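Student: I would like to learn how to read the features of a structural model one at a time, beginning with the general idea and then turning to the case at hand. Could we work through the one shown here?

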Amino acid sequence: MASEGSRIFAPGLLDGLVCVVSGAGSGLGREGALELCRLGATVVGCGRRREPLDETVAAAASLPGTIEAEAMDIREEEAVERLMDGVLERHGRLDVLVNNAGGQFLSPAEAITPKGFRTVIELNVMGTWLMTHAAATKAFIPQGEGKVLSVTLSPHNGMPGMVHSGAARAAVENMMRTLSIEWARFGIKTCALAAGQFGTDTMRTKYPPEVVAAVPSTIPLQRLGTEEEFAWLIAYLASPAGDFISGTTITIDGARDNWFGAWPPGVYGTGGKPPAEERRAKE
């Protein structure tokens, strides 16, 4: 069950704010949505699967704010349009968009098919663009203000086994930098939040056990981040304290970005190949 108050922020800090959080059904997205809700915000969480979104809504039942959920795919233009139109119809405004939804899979570059590469680009880049563009044109520009926080990845110095995701996240970071200039005239602030390795369920269960076990040793602070720590950054930027922060990438990774150690961690397999996750068979 979610705690009823924030551990570090003043009660009611985000009273009256309306926020959209993509990928709110698990991990960093869920905890980010809950922290915004603890501070009084109205949050609309979206994701592809209804069940985990409903779990997020249930976890927020006793919190000061509210969380609504909508199952949709951010890669589908019409679905994004409906989401944003619904938010404005119900709440009259939108203040913060958190682009947290994304996806990738661990694989040697030579084994990534065109379809696999395209899927990662469409989800991380096109999905982020559709959500950002719709929020801006429908809400932020007419209002004369708004914030876009887009989750990307650290480290930035190359991620063997993640070339598709690295390319996608670099595109999103440039998108945020460019829009911070172009849309400043509308009072819109845009930032990228480069997340390192956090102890989410996805991190602990999706990737090979030898990778998961070795990850803390590749981080100078020698531990994984917590979901709560990432949620605090989202809440800080959503608050008035973040009103002069725009056009930058904030890296939150325990100093991993500054270390040249191997990624993925651990010994490469036969032939020097990076380890790959086991993909689920298609039903």
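Student: Is P142 buried or exposed?

Tutor: Buried means under 20% relative accessible area, exposed over 50%, and partly exposed in between, with a 1.4 Å probe and protein chains only. P142 has 57% relative accessibility and therefore counts as exposed. P142 is found in helix α4, where helices are DSSP runs of H or I with at least four residues, strands are runs of E with at least two, and both are numbered from the N terminus. This is a predicted model, in which local features need pLDDT of at least 70 and side-chain atom pairs count only at pLDDT 80 or more, while totals for chains, interfaces and linings use all residues. Residues are numbered from 1 along each chain as its sequence is written, and side-chain values use heavy atoms, with hydrogens and water left out.

Student: Which residues is P142 in contact with, leaving aside its neighbours within four places in sequence?

Tutor: Contact means heavy atoms within 4.5 Å. With those neighbours left aside, P142 is in contact with A136 and T137. P142 and F186 are 44 residues apart in sequence, yet their C-alpha atoms are 8.3 Å apart in space.

Student: Where is T132 placed, and is T132 buried or exposed?

Tutor: T132 is in helix α4, which covers residues 114-143, and because its relative accessibility is 0%, T132 counts as buried. Beyond residues up to four places away in sequence, T132 touches L97, N99, V148, M176, L179 and W183.

Student: What joins the side chains of T132 and N99?

Tutor: A polar contact is a pair of N or O atoms within 3.5 Å; within protein, one must be able to donate a hydrogen and the other to accept it, and residues adjacent in sequence count only if both atoms are side-chain atoms. The side chains of T132 and N99 are joined by such a contact, at 2.9 Å.

Student: Which residues meet where α3 and α4 come together?

Tutor: On the α3 side they are E77, V80, E81, L83, M84, D85 and L88, and these meet L130, M131, A134, A135, K138 and A139 in α4. The residues of this contact divide into nine nonpolar, no polar and four charged, where Ala, Val, Leu, Ile, Met, Phe, Trp, Tyr, Cys and Pro count as nonpolar, Asp, Glu, Lys and Arg as charged, and the others, Gly among them, as polar.

Student: What should I look for in the backbone?

Tutor: Most residues other than glycine have a negative phi, and most peptide bonds are trans. Here, a cis peptide bond joins S154 and P155, with omega about 10 degrees, and P155 lies in the loop between β5 (146-153) and α5. Q222, although not a glycine, has a positive phi of about 65 degrees; Q222 sits in the loop between α7 (209-214) and α8 and, at 46% relative accessibility, counts as partly exposed.
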